[in-house]
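Trainee: Please pick one part of this structure and go over it closely. I would like to know what surrounds it and how those surroundings are built.

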Amino acid sequence: MCEQRARKLSDDYRERAVQLNIFDCSIWLGSPEGFPLAREMLFKKLEKEMSDFFITGGLISHWLGKTLSAQAGNRDLEEKAGMFPENMYGIWTGLPFYPSPSGPGPVPGKGRPHRSMRGVRIFPASHNYVPEEWVIGTLCEWLIRYNLPLFIWHTEINWPSLHRLAVCYPSLTIIVETQTKKILYHARMLFTLMRECSNILVETSNFSGQGYIEYVVKEFGAERLIFGSFMPVNDPLVPTGMIIDADIEEKDKLLIASGSIKRIIEEVHL
Amino acid sequence: MSTPRIIDAHLHLDPNSKFYTPEPQLKHLLKLMDRLSIRHAVCTDHLSMYEGAGEGLRNLKSVYEESGGRVYYLGVYHPGRAAACMKTIEEAVLWPGFAGLKIHPSFHGISADAPVYDPVWKFASEHDLAILTHSWSVSDYNPAQTLSTPGKFERYIDKYRNVRLVLAHAGGRGNGRHEVIRLINQYENVYTDIAGDIFCYRLIESLTGSISPDKILFGSDFPWLDPRANLARVMLTDMDNSSREKILRENALKVYKIGK
Ligand SMILES: [Zn+2]
């Protein structure tokens, strides 16, 4: 491979990455926890970082929502919401509705969701509650009322609980995120759950097992995969590469890169 | 598309029941290599990881033939079965497609600086072979990773200066990376590959900014991971195209002396 060939290949990848028009559901502000080499993403650098990775819009989360408190993360998102670049929204952190949490955040009886909110993430393992219907049922019903998707890292819930939740609330869109450890070792449960429950979708930042993209597209359809980068912990080029070179139709690549999540957030009632 | 000439310098073959892989076999690999313009690969099999060089290595000899000379292979030195491994490796060094040696101190439970590794380093030195080793950072959920932190290899790197050592996975997702960078900058005979899920933000530019592009090899860790995950990182990270060519091909040719 001469230098010229390397350039041609690289240019071709670049062109295909741009064409994906990526909308990223996993962009994080604040200081990452548990990743010694990861640095904080500064809000003022967000647009530049996104454009370096061909990302044209997305959903922003805040590490403080996990590490300190749901309220601290939500407050930061609320303060910055007016300054979000175009095509950017927030994923707020949720807690069980009883005993009633203080705001800001999804709080029962406090009116409609914040205008920037396009999803809610819960951290049951880190925040010390079980993600079962008797504990988070009212939160789930609230999400369904506004058509808001629920985001959850696979490391924050066990598979039997996730299965029960998906079965109990079939109209709740649940986006299973592949962080913060390998989803690879859980693929048998994940794929079975996807087959059983059509409301289970998967975020792709760590969905890099051999042939996984083709497998899901063939078995369940491309609309079940949602592009996520987990930046600035993970390299957005990893999920991008999995799509660029996937042996699937172009329309399915576009669904994974942006189409599916855009449809979901368009249907949020605010 | 131009003639496929990329080299995947770190992969494996066949199912491993710890995880589900739809298509882990040689025919699937070759199809994927064609799709991704990958001409050659350097493979270690799962069986050899458990038993050391023996039956698994003989299977890889057939893999090389079946692949039409595209999939080269390494002999695994298991320090718990040193004598048997060395016996097979001594035979295999003459087989077509044999490209070097592999060690995995974390998997085999014996620290990389232990005296029991001396025979494999000595053999590599006498036969002008490369050694690929697992390397990682101290991990709070996998204590065995401390057996493979990059600094633990230094006594042998220093003793056998003509042995090309590839520290796999760029030292993992933690401080092992800094040790890899130090060793590569200090010793001419040390290299790294980017195989595995070291999906750290801006990793490739951090490596190309701290070490020579002559020292970095593209690898996937198929079938644990899909080659597409790491390939796009090399294709899309800003670097000059001569560096890209080195990472995707030239360095593997030089280190493993293959694919001519
Ligand atoms: Zn490996």
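A helix and its cover

Mentor: After helix α9(A) comes Gly221(A), a residue with a positive phi near 100°. The model is predicted: local features need pLDDT of at least 70 and side-chain atom pairs 80 or more, while totals for chains, interfaces and linings use all residues. Residues are numbered from 1 along each chain, chains are lettered from A and ligands numbered from 1 as written, and side-chain values use heavy atoms, without hydrogens or water.

Start with the helix itself (a DSSP run of H or I, at least four residues; strands are E, at least two). Buried means under 20% relative accessible area (1.4 Å probe, protein chains only). The buried residues of α9(A) are Tyr212(A), Ile213(A), Glu214(A), Tyr215(A), Val216(A) and Val217(A).

Next, the cover. From chain A, what covers these buried residues includes α8 (187-196), β8 (225-226), α10 (237-244) and α11 (250-266). Chain B takes part as well: its helix α10 is included in the cover.

That helix of chain B has another partner. Helix α10(B), residues 227-236, packs with helix α1(A), residues 3-19, at an angle of about 105°, and their axes (lines fitted to C-alpha atoms) are 8 Å apart. The two are therefore roughly perpendicular (65 to 115 degrees) to each other. On the side of α1(A), the contact (heavy atoms within 4.5 Å) is made by Leu9(A), Ser10(A), Tyr13(A), Arg14(A) and Ala17(A). On the side of α10(B), Leu231(B), Ala232(B), Met235(B) and Leu236(B) make the contact. Sorted by type, the residues of this contact are 7 nonpolar, 1 polar and 1 charged (Asp, Glu, Lys and Arg count as charged; Ala, Val, Leu, Ile, Met, Phe, Trp, Tyr, Cys and Pro as nonpolar; the others as polar).

Return now to β8(A), another piece of the cover. In chain A, 8 strands form an open sheet with parallel pairing, in the order β1-β2-β3-β4-β5-β6-β7-β8.

Conventions:
Axes fitted to C-alpha atoms, helices over the stretch in contact; angles between N-to-C directions. Parallel < 35°, antiparallel > 145°, perpendicular 65-115°, else oblique. Buried < 20%, exposed > 50% of the residue type's maximum accessible area, 1.4 Å probe, protein only. Pairing = 2+ DSSP bridges.
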